[in-house]
Amino acid sequence: MRALFAWAALLLAAPLAAEEPDYDAFGEFLEEFRKESGTPAMSALILKDGEIVWEAYLGTSDDERDFPTTAQTTYSIASVTKPIAATAVLAESLAGDVFLGEPMTTDADWAEFCAYFATTSIPFMSGGEDMFGNTIPPVDCAKPTTLIEMLNMRANGDAFVYNPIAFARIDRVIEGAGGRDLRSIVRDRALTPAGMKDVALGWRDPDAGDALRLLAMPYHTVEGRIVKQSLSDDDFRASAGMMTNPRALAAFDLALDAGKLIPPANLKRLSAMELGPLGDYQTGWWLEDYAGKRLLWHSGKDDQKYSAIYLKVPQDRLTLIVLANTEAIWNEGSSVVQAKAAQSPVARRFLESFVK
């Protein structure tokens, strides 16, 4: 009897074996999602504990289906540019070459720009309500918004409002204050130290490598048919404009976690800061809590062309990166005043599968 009790005690005391992540099931979901959404090309990878543990390159990247998607296939990542650009600006400020207290009015056209856009019907400029009934305050043109406040999406007041149009003026503020052009800052402070290869910082980037040559062409569903779209002619800004592949983004993620770009204290602050019920936006990242764990993430949409997800779970040392050459990954139910990564079906499946 004593032996039986001892055996039972050992069973109770023994730690349960960790459940192995089912990456194959997630890959099957992505392939099914890709086909159902009519997305020709999709690339994805997962990082865990400082290394790539799973990756998939699905479909083909051209309309003739002659070129299978590979690890080198590149995409427009749209607003996923923001955390990379913000990190580079922070690094430039730590080097003493950018003053984060610089007012947005250092951009000579800021006042005229702000006054005009405040009269438009764009919700994050003129105000209104999101689809959940949350109030969207209008942009506050009278507020002396500083560069760091803009990195935190505070152009509309004290609470965050995702305002990509205002965020896109960051490079004008830096140059207006006598700083370097943003393309040089991002390449020197983020891309090069992280070892990111084949990254185009806009169409005019002289150091784009193979990023433009290997770009997956964009597509959009029109009346049930997948139709090839023209390429966007927008150039690089803090808001958008990068074209790259998931492995380059993974290199950025690893360098960020290792403290090679900015001090680790910044990520620790984002992971520890108290959030309101709607989450927050800080230095290029959406912040929210899911299953008791902090999420840092960004999504991107190049209208009717591309979409992207970059999602970090720092507590679990876990990261998801997914890129597509349609809008499929983006969810139109996203709010500009509420962080909710699970609005994307891809992010939702990832969280349900791997964040316990």
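**Close-up 1. Arg34 is buried, with a relative accessible area of 11%.** Buried means under 20% relative accessible area, exposed over 50%, and partly exposed in between, using a 1.4 Å probe and protein chains only. This is a predicted model, in which local features need pLDDT of at least 70 and side-chain atom pairs count only at pLDDT 80 or more, while totals for chains, interfaces and linings use all residues. Residues are numbered from 1 along each chain as its sequence is written, and side-chain values use heavy atoms, with hydrogens and water left out. Look for Arg34 in helix α2, residues 23-36. Helices (H or I, at least four residues) and strands (E, at least two) are DSSP runs, numbered from the N terminus. Leaving aside neighbours within four places in sequence, Arg34 is in contact with Thr39, Pro40, Met42, Leu58 and Gly59; contact means heavy atoms within 4.5 Å.

**Close-up 2. Helix α2 packs with helix α12 (residues 345-354) at an angle of about 165 degrees, their axes 11 Å apart.** That makes the two helices, α2 and α12, roughly antiparallel. Angles under 35 degrees count as roughly parallel, over 145 as roughly antiparallel, 65 to 115 as roughly perpendicular and the rest as oblique. Axes are lines fitted to C-alpha atoms, for helices over the stretch in contact, and angles run from 0 to 180 degrees between N-to-C directions. From α2, the contact uses Tyr23, Phe26, Phe29, Leu30 and Phe33, and from α12 it uses Pro345, Val346, Arg349, Phe350 and Phe354. Sorted by class, the contact of α2 with α12 has nine nonpolar, no polar and one charged residues. Here Ala, Val, Leu, Ile, Met, Phe, Trp, Tyr, Cys and Pro count as nonpolar, Asp, Glu, Lys and Arg as charged, and the others, Gly among them, as polar.

**Close-up 3. The axes of α3 and α10 come within 12 Å and cross at roughly 40 degrees.** The helices α3 and α10 are therefore oblique to each other. Pro83, Ile84 and Thr87 in α3 meet Leu249, Phe252 and Leu256 in α10. This contact of α3 with α10 has five nonpolar, one polar and no charged residues.

**Close-up 4. Helix α11 (residues 265-272) has Asn266, Leu267 and Leu270 buried.** These residues cover an arc of only 95 degrees around the axis, which puts them on the same side of α11; the arc is that of the directions from the helix axis to the C-beta atoms. The face turned away from the buried side of α11 carries the exposed residues Lys268 and Ala272. The buried residues of α11 pack against α3 (81-94), α10 (246-257), β10 (280-282), β11 (285-290) and β12 (293-302).
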